[in-house]
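Subject: A structure for you to explore

Hi there,

Here is the structure I promised to pass on to you. Please open it and keep it beside this email while you read.

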Amino acid sequence: MKYKMLVLSLLLIQQAHAQFRNFGKPKWTYRTQDKIFTTPALFRQSILTASMDGHLYSLQRTNGRLNWKFKTGAGIATHPLVTDSTVYFGSYDGHYYAVNAGNGKLQWKFQTGGERRVGSKGYLGMTPATMYMEDQYDLYLSSPATDSAHVFFGSSDSCIYAVNRKSGKQVWKYKTNGPVHGGVAYSNNMVVVGSWDTNVYALDAVSGKLIWKFKTGEDPKTHILEGIQSTPVVAGNTVYIGARDARLYALDLHSGQRKWEHSAGNAWVVGSVVVVDNHVYVGTSDSYLMLDINASTGEAHKQTKGGGYVFGAPAVYGNTLCYGDFTGRLILINTPNWQTTSLFDTPGRTEFGGQLLDSGNISFMKIAAGASPEKYSTAVAFMNQLYKLGPFAAAPVIAESTVYATSTDGNLYAIELK
């Protein structure tokens with residue numbers, strides 16, 4: 001009997017640290033009518049995904065069949081959040097919504113001062129200087145967070161809002177000096193969020209009063225290396241947040257004091273981190289890295305270099321780490337030895353990778369094909385070519401031996417893990 005119990009215990013330990021080594025075939029794929037920049041959300045036996053076609057979709061996890069869809073007035077670029085059978089999300093139509101996650105019925109909607117991409121005339125020094133230009137990499141609106149009474153989110157109108165969870169009525173708002181497109185974190189009666197004005201704000205969740213703010217880097221000459229798109233993550237008494245100043249910061253939750261910062265060179269840190277034990281996993285943009293960073297010191301233990309920007313957070317399940325990049329590829333990593341074990345490519349990458357990628361890597365010069373990098377039209381054309389690959393711009397989700405991943409090709413993929 002003791003021997004049997006020992007064997008059972010060992011089996012349970014092995015299962016707890018199970019490693020998925022390979023991608024299988026997609027179980028199903030659901031196609032929306034426009035790009036998807038958001039992470040899907042699980043609700044019971046359904047999965048919710050939001051598309052730039054203006055719809056929130058509820059699908060059956062087993063077969064991808066549609067349960068219901070909810071239409072807004074414009075594209076949806078916030079990660080949907082499900083709390084107590086209600087899904088909260090925002091749309092470029094200028095509203096944040098609360099919808100019943102079971103049947104797709106509207107519970108309330110709240111109007112902000114308007115939602116838009118960051119931009120200006122002659123943005124980032126591009127030409128023509130008199131033309132209004134949108135930031136081609138400003139892909140997200142502020143994803144919400146909740147406590148027992150409120151929903152918190154930011155807006156392009158530069159404000160951070162708290163609204164009543166049941167009624168959608170405004171409780172308070174706090175004005176920053178730039179659009180708030182980074183997602184919100186809630187912890188210990190505090191709301192933490194970054195603004196495009198380069199500051200991280202911690203507010204009292206009940207009153208909206210400022211507790212502290214922390215300034216990230218500015219880039220006065222070109223403004224390329226500044227601003228915050230990332231959603232902060234709170235683990236213990238530490239806030240982890242990345243910025244376009246090419247830094248990942250660890251801040252004290254209660255004081256806002258910097259514990260450490262990790263430099264990513266000249267690469268933005270757009271995606272959120274995942275914290276497991278004493279490891280912080282996070283991706284970078286132009287250096288194409290997925291990093292394993294010591295949560296206490298900020299020192300990078302390990303890294304893997306792919307071929308494209310990593311904007312979404314990874315998903316970690318046991319000893320398996322899964323993330324996607326802008327080349328239209330999902331990667332599986334075995335975290336103990338940091339070995340890549342399997343790859344999954346979108347149909348777009350399979351079809352256009354040889355034409356657009358340089359030895360599997362994104363190369364601006366190759367895709368631009370000699371066009372002037374100073375012209376805004378070149379930046380737009382470059383991104384449109386990248387979208388042919390079906391980039392993964394959001395975090396995947398792992399549940400029941402399946403990876404659920406959204407792509408800018410408009411698809412939600414349900415991929416078997418073996």
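**Salt bridges**

A search of the whole structure finds nine salt bridges, each being a side-chain nitrogen of Lys or Arg within 4 Å of a carboxyl oxygen of Asp or Glu. Before the details, please note that this is a predicted model, in which local features need pLDDT of at least 70 and side-chain atom pairs count only at pLDDT 80 or more, while totals for chains, interfaces and linings use all residues. Residues are numbered from 1 along each chain as its sequence is written, and side-chain values use heavy atoms, with hydrogens and water left out.

Why do such pairs form? Side chains of opposite charge can pair when their charged atoms come close.

One of the salt bridges joins Asp 345 and Arg 329, with 2.8 Å from N to O. Asp 345 sits in strand β31 (residues 339-345) and Arg 329 in strand β30 (residues 329-334), so this pair ties together parts that are 16 residues apart in sequence. Strands here are DSSP runs of E with at least two residues, helices are runs of H or I with at least four, and both are numbered from the N terminus. Asp 345 is partly exposed at 25% relative accessible area, and Arg 329 is partly exposed too, at 21%. For these words, buried means under 20% relative accessible area, exposed means over 50%, and partly exposed is in between (1.4 Å probe, protein chains only).

Salt bridges that share partners also join Arg 247, Arg 258 and Glu 261 into one network. Within it, the closest N and O atoms of Arg 258 and Glu 261 are 2.5 Å apart. Arg 258 is partly exposed, with a relative accessible area of 48%, and Glu 261 is partly exposed at 33%.

Asp 34 and Lys 35 form a salt bridge as well, with their closest N and O atoms 4.0 Å apart. Asp 34 is partly exposed at 31%, as is Lys 35 at 24%.

**Spots in the loops**

Is Gly 64 buried or exposed? With 8% relative accessibility, Gly 64 counts as buried. You will find Gly 64 in the loop between β4 (55-60) and β5 (66-71). Apart from neighbours within four places in sequence, Gly 64 is in contact (heavy atoms within 4.5 Å) with Trp 28, Tyr 30 and Leu 59.

Next, look at the peptide bond from Thr 127 to Pro 128, which is cis, with omega near 0°. Pro 128 belongs to the loop between β10 (119-121) and β11 (132-134).

Ser 85 is not a glycine, yet its phi is positive, at about 70°. This residue lies in the loop between β6 (81-83) and β7 (86-90). Glu 400, also not a glycine, has a positive phi of about 50° and lies in the loop between β32 (397-399) and β33 (402-406). Ser 85 is partly exposed at 27%, whereas Glu 400 is exposed at 53%.

**The whole chain**

Now step back: the protein chain has four helices and 34 strands. Its C-alpha trace spans about 75 × 55 × 45 Å along the principal axes. Of the 418 residues, 59% are buried. Residues 24 or more positions apart account for 48% of the contacts with a separation of 6 or more.

Enjoy looking around!

Best wishes
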